Amino acid sequence: MKAALALAALLLQSATVSSNDPIAAPQYLRFERAISIPTNATGQACASLDASVFAHATSESLNDLRLYTAATTEIPFNFSVSGTQSIEDDPAAIHDLTSSNGDIAFDVDMPPRPYSAIVLDLSAKDFLGTAQVSSTDGKTLLGTFAIFDLTSQHLSRSTTLPLQESTLQHLHVTLHLTPAPGSINPNLNPSIVHGATVPPSREAQTLYTPIATTSSITQRGRYTVVTIPIPAHIPVERVSFNLDPKFSKNFYRTVTITATPQGAHDRAAIETVTGAISHVKLPPTIESDQLSIDAALGANLRSPATVTIFIDNANNSPLPLTAVQLEMRQRKICFKASSPISYRLMYGDPTLHAPAYDYAAHFTPSPNPIPATLAAEHRNPTFIPRRDTRPYLDRHPELPWTAFLALLGILGSIALRRTRSRHS
């Protein structure tokens, strides 16, 4: 019995032993992209990654991404995703709220960081107006901005003030509001001001990379329908709509976006995101466009998927769309480059784990990196499949557990026989 227990412990131990991580080598990476940098350029270079890298890498996290010189020397790099900064919208305190000659005025305490916009929380509906923003001493004018609410006319609303980037700690805001045409005496007094928030500066906001575009647009009754297939692994994080530039009518449309994994038989596997697109232009001061919808989709992380977009036109004519585009947040790699050295990005080895470089751990982004450009993707002409050199039990991890369960059955049977013999 003791020998059997020792054997069980040995089997369990063997089931937990893992082999060393495989070492990256160019011949085991299936795809390659040449990277070009300007002549005689030296320093930090950055290249944006496109959809084909994600489509042919072996995971959505790009664990198998490697950078080499033409001489097959591995080059460390830093991988980054646009918009991953921890900065969130900050609340801004409002005080000294007053009214004079029909205008509403107040001061705003801004966060201790650069900012480039203020979003006002106003409870009023059906109004047109302007917001003048200055320093509290009146010496610095940041601008006058149009604000409006036209929701009763089935149009949009905007109370965002797009400033030039500033670091002033205290601002003075004066609102001049009038009822929207056709509205019934909205209550436009200081009680409509409930607060303000400050989004991240535009310098810290998200950049996007196109991943799939279509101009194939159909109509199904009141709906405009767009269907876009996408390969596995490519992150989808925004949908953008392009209109005929000659179109100038005001509109507001609700949009439903669905993502269905290939082969899905359960409706629970279908993702759904809702949003709206709009355009408002009321001369001389009001013009607002919202032609993109944030849509973080994960239906294609393991398999290809189909994204379907439904635009509800209700009783209105369909919008003159010229294209619809799926986008991901910009991903890029940065590395220390030196011309005329040639570089190539390689990927396509499912055994690799994410690299850990000292260069990435101590990386500081340059304010003016050298632009690096990815060439077209090619299959690696020297590619050979990696031979599985793992120990037998690593390649068949189920065997120790199968043997362990079988051993437990044998031990249980022995114990049962002994118990019966004692009572007989």
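## The largest pocket

In the lining of the largest pocket, 14 residues are nonpolar, 13 are polar and eight are charged. Here nonpolar covers Ala, Val, Leu, Ile, Met, Phe, Trp, Tyr, Cys and Pro; charged covers Asp, Glu, Lys and Arg; the others, Gly among them, are polar. The structure is a predicted model: local features need pLDDT of at least 70, side-chain atom pairs count only at pLDDT 80 or more, and totals for chains, interfaces and linings use all residues. Residues are numbered from 1 along each chain as its sequence is written, and side-chain values use heavy atoms, without hydrogens and water.

The pocket holds about 1100 Å³ of space. Its lining has 35 residues, and Thr 160, Gln 205, Asp 289, Gln 290 and Ser 292 lie nearest the centre. Strand β20 gives the most to this lining, with five residues. (A pocket is an open set of points on a 1 Å grid over the protein atoms alone, where a 1.4 Å probe fits, with protein on both sides within 12 Å along at least five of seven lines; lining residues have an atom within 4 Å of a point. The volume is the space filled by probe spheres set on the points, which are joined across faces, edges and corners. Strands are DSSP runs of E, at least two residues, numbered from the N terminus.)

## The open sheet

Four strands form an open sheet in the order β14-β23-β17-β21, with antiparallel pairing. Strands pair if DSSP finds at least two bridges between them. β14 (208–214) and β21 are at the edges with a single partner strand each, so one side of each has no neighbour in the sheet.

Six bridges join β17 to β23 (residues 321–329). Arg 238 has Glu 327 in β23 as its bridge partner.
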